[in-house]
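I opened the model today to look up a few helices and loops. My entries follow, in the order I made them.

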Amino acid sequence: MEPVRAAFRDECERLERVLHGLDEAALDRPTPCPPWRVRDLLAHVRTGAGRLAGMLAEPAPPRAEVTAAGYFDAAKFAPAVDRDRIDGARAAAGELPGAADVAREFGRAWRTTDAAVAAEPPHRVVRTRHGDAMALTEFLRTRVVEIAVHGLDLADALDRRPWTAPTAAAVAVDVLTAGRPVPDRLGWDAFTVLRKATGRLPLTDAERAALAAAGIRRLAFGG
């Protein structure tokens, strides 16, 4: 748990620092996740970062059934689910019109989650909004993946160099590759792994073959 929790904190702290430096115009920039603007994507990230606190307030399922990698299956990105995700983020963004509000509420959301996680044993099981029963540590790994990957989307939207924390990049790469090493011959850094594994960058036929030979499958990951 502790390395994953540290990665979550590191990545959230870095994003929060970025948010405190944004002006109002930045919130309306387009992102690589259309139709979301920066404010919509930030609302989605804020909701994801804060989701665990509510889950931990609910009764624990008897046992875990899904891993972090298994969480990102195709059903999570079916058209109806995607529509709800998109519309929900846009509605949430409308509740926080100012840049200072966005930064403050993101900070509140992730710190509430961190405090809730600290009060629970790492083997605690939670149920996701999709109905998956997951170990707390595994679900927190999905939060690191989402915040790190969407951090790359936000960096692109804001014309900035990625600020991804090394600890978060390591956790996210481990989830997206199911712990298998990426072939050295591909020459990918962590950012490239995250972008390639989630469809942010296309894969060549040669890259697909190298990943398949290494036992790495591309996850269905949209948001």
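I count a contact when heavy atoms lie within 4.5 Å. The model is predicted, so I noted the limits first: local features need pLDDT of at least 70, side-chain atom pairs count only at pLDDT 80 or more, and totals for chains, interfaces and linings use all residues. Residues are numbered from 1 along each chain as its sequence is written, and side-chain values use heavy atoms, with hydrogens and water left out.

**Entry: Pro 181**

I started with Pro 181. It touches Ala 214 and Ile 216, not counting residues up to four places away in sequence. I found Pro 181 in the loop between H7 and H8. Helices here are DSSP runs (H or I, at least four residues), as strands are (E, at least two), numbered from the N terminus. Next I checked accessibility. I use three classes of relative accessible area: buried is under 20%, exposed is over 50%, and partly exposed is in between (1.4 Å probe, protein chains only). Pro 181 counts as exposed, at 65% relative accessibility. I also took a C-alpha separation: Pro 181 and Leu 211 are 30 residues apart along the chain, and 9.5 Å separates their C-alpha atoms.

**Entry: Leu 201**

Leu 201 sits in the loop between H8 and helix H9 (205-213). Its relative accessibility of 32% makes it partly exposed. Beyond four places in sequence, Leu 201 touches Arg 195, Lys 196 and Arg 218. Its C-alpha is 24 Å from that of Ala 89, 112 residues apart along the chain.

**Entry: helix H1**

I moved to H1, residues 2-20. The helix has 19 residues and reaches 27 Å from first C-alpha to last, close to the expected 27 Å. The expected span is 1.5 Å times one less than the number of residues.

Which residues of H1 are buried? I listed Val 4, Arg 5, Ala 7, Phe 8, Glu 11, Cys 12, Leu 15, Glu 16, Val 18 and Leu 19. Seen down the axis of H1, they fall within an arc of 160 degrees, so they line one face. The arc is taken over the directions from the helix axis to the C-beta atoms. An α-helix has 3.6 residues a turn, so residues three or four places apart point the same way. The face of H1 turned away from the buried side carries the exposed residues Pro 3, Arg 17 and His 20.

What do the buried residues of H1 pack against? I found H2, helix H5 (99-118), helix H6 (136-157) and helix H7 (166-176).

I took Val 18 of H1 as one example. Val 18 is buried at 10% relative accessible area. Leaving aside neighbours within four places, it is in contact with Leu 158, Arg 160 and Trp 163.

**Entry: Thr 113**

Thr 113 lies in H5. Its relative accessible area is 0%, so I logged Thr 113 as buried. Not counting residues up to four places away, Thr 113 touches Phe 8, Ala 49, Gly 50, Arg 51, Leu 52 and Ala 53.

**Entry: H2 against H4**

H2 (residues 38-56) and H4 (residues 79-94) pack at about 100 degrees, with axes 8 Å apart. That makes H2 roughly perpendicular to H4, a class that runs from 65 to 115 degrees; under 35 is roughly parallel, over 145 roughly antiparallel, and the rest oblique. Axes are lines fitted to C-alpha atoms, for helices over the stretch in contact, and angles run from 0 to 180 degrees between N-to-C directions.

From H2, I noted Arg 39, Asp 40, Ala 43, His 44 and Arg 46; they meet Arg 85, Ala 89, Arg 90, Ala 92 and Ala 93 of H4. The contact residues divide into four nonpolar, one polar and five charged. Nonpolar covers Ala, Val, Leu, Ile, Met, Phe, Trp, Tyr, Cys and Pro; charged covers Asp, Glu, Lys and Arg; the others, Gly among them, are polar.

**Entry: H6 and the backbone**

H6 has 22 residues, and 21 of them are buried. Asp 159 follows H6, with a positive phi near 55 degrees. Asp 159 is exposed at 65% relative accessibility.

Ala 178 also has a positive phi, about 55 degrees. It lies in the loop between H7 and helix H8 (190-197).

Last, I logged a cis peptide bond between Pro 34 and Pro 35, with omega about 10 degrees. Pro 35 is in the loop between H1 and H2. Most residues other than glycine have a negative phi, and most peptide bonds are trans.
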